[in-house]
Amino acid sequence: MQTTILYRPVGPKELELIRLSGFKAFPPRLPEQPIFYPVLTEDYAVKIARDWNVKESGAGYVTRFEVDRAFLDRYAVQEAGGSQHCEYWIPAEDIGAFNAAIVGPIAMIAEFKA
């Protein structure tokens, strides 16, 4: 199996839900969150965690994880404002299948606080 390394910037509430899963899954999306967006680079994840999550919730974290590439082939990479800001847009209803495609644990690799 081939895997792709992805990153996800999260706030404290989402990190706690990931922790409760044993670092195996991301939580279901809230009704106002129709898309789950893992990003392709650590730099982009750091920017979101540091610049957005800290402002919104007082802390931001970067997670790193591997996903089965065959699963990701169903989705196109999206540019969110420029070529440095690439991410997958996974519909909320696909989060269970996405979690099943995660290979190994989700690691928390960076932390930012206000």
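1. Two strands are taken to pair if DSSP finds at least two bridges between them. The model under review is predicted, and the comments below should be read accordingly. Strand 1 (residues 3–10) and strand 3 run antiparallel and are joined by eight bridges. Two of the residue pairs may be located in the view: I5 has E66 in strand 3 as its bridge partner, and P9 is partnered by V62, likewise in strand 3.

2. Strand 3 (residues 59–68) also pairs with strand 7 (residues 102–113), again in the antiparallel sense and again over eight bridges. One of the points of contact is V67, whose bridge partner in strand 7 is I102.

3. How much of strand 3 is buried? Eight of its 10 residues are, and the strand is mostly covered. As for strand 1, six of its eight residues are buried, so this strand is largely enclosed by the rest of the structure.

4. Helix 1 (residues 12–20) has E14, L15 and I18 as its buried residues. These cover an arc of only 100° around the axis, which puts them on the same side of helix 1. The face turned away from that buried side carries the exposed residues K13 and L20. Against which elements do the buried residues of helix 1 pack? Their packing partners are strand 1, strand 2 (35–36), strand 3 and strand 7. Just after helix 1, G22 adopts a positive phi of about 80°.

5. E14 deserves a separate comment. This residue of helix 1 has a relative accessibility of 13% and therefore counts as buried, the limit being under 20%. Its side chain makes a polar contact of 3.2 Å with the side chain of R8. A further polar contact, also given as 3.2 Å, joins the side chains of E14 and R29. With neighbours within four places in sequence left aside, E14 is in contact with R8, F26, P27, R29 and F36.

6. N53 lies in helix 2 (residues 42–57). Is this residue buried or exposed? Its relative accessible area is 15%, and N53 is buried. Apart from neighbours within four places in sequence, N53 contacts P9, V10, G11, I48, G58, A59 and G60. P9 is also the residue whose bridge partner in strand 3 is V62.

7. W89 is placed in the loop between strand 5 (86–88) and strand 6 (90–91). Its relative accessibility of 38% makes W89 partly exposed, because that class lies between the limits of 20% and 50%. Residues up to four places away in sequence not being counted, W89 touches I35, F36, Y37, Y75 and Q78. The side chains of W89 and E87 are joined by a polar contact of 2.7 Å. From C-alpha to C-alpha, W89 and P34 are 9.4 Å apart in space, although 55 residues separate them in sequence.

8. The protein chain as a whole has four helices and seven strands, in the order β-α-β-α-β-α-β-β-β-α-β from the N terminus on. Its radius of gyration is 13 Å, close to the 13 Å that the globule rule gives for 114 residues, so the chain is as compact as a globular protein of that length. The C-alpha trace spans about 40 × 35 × 25 Å along its principal axes.

9. Of the 114 residues in the protein chain, 40% are buried. Among contacts with a separation of 6 or more, 77% are between residues 24 or more positions apart. The accessible surface of the protein chain amounts to about 6,400 Å², and carbon and sulfur atoms account for 53% of that area.

How values were computed
Residues numbered from 1 in each chain as written. Predicted model: local features only at pLDDT ≥ 70, side-chain atom pairs only at ≥ 80, totals over all residues. Heavy atoms only, no water. Buried < 20%, exposed > 50% of the residue type's maximum accessible area, 1.4 Å probe, protein only. Contact = heavy atoms within 4.5 Å. Polar contact = N/O pair within 3.5 Å; in protein donor to acceptor, adjacent residues only side chain to side chain. Arc of directions from axis to C-beta. Rg over C-alpha atoms; globule rule 2.2 N^0.38 Å. Areas by Shrake-Rupley, 256 points an atom, 1.4 Å probe, with all protein chains shown as cover.
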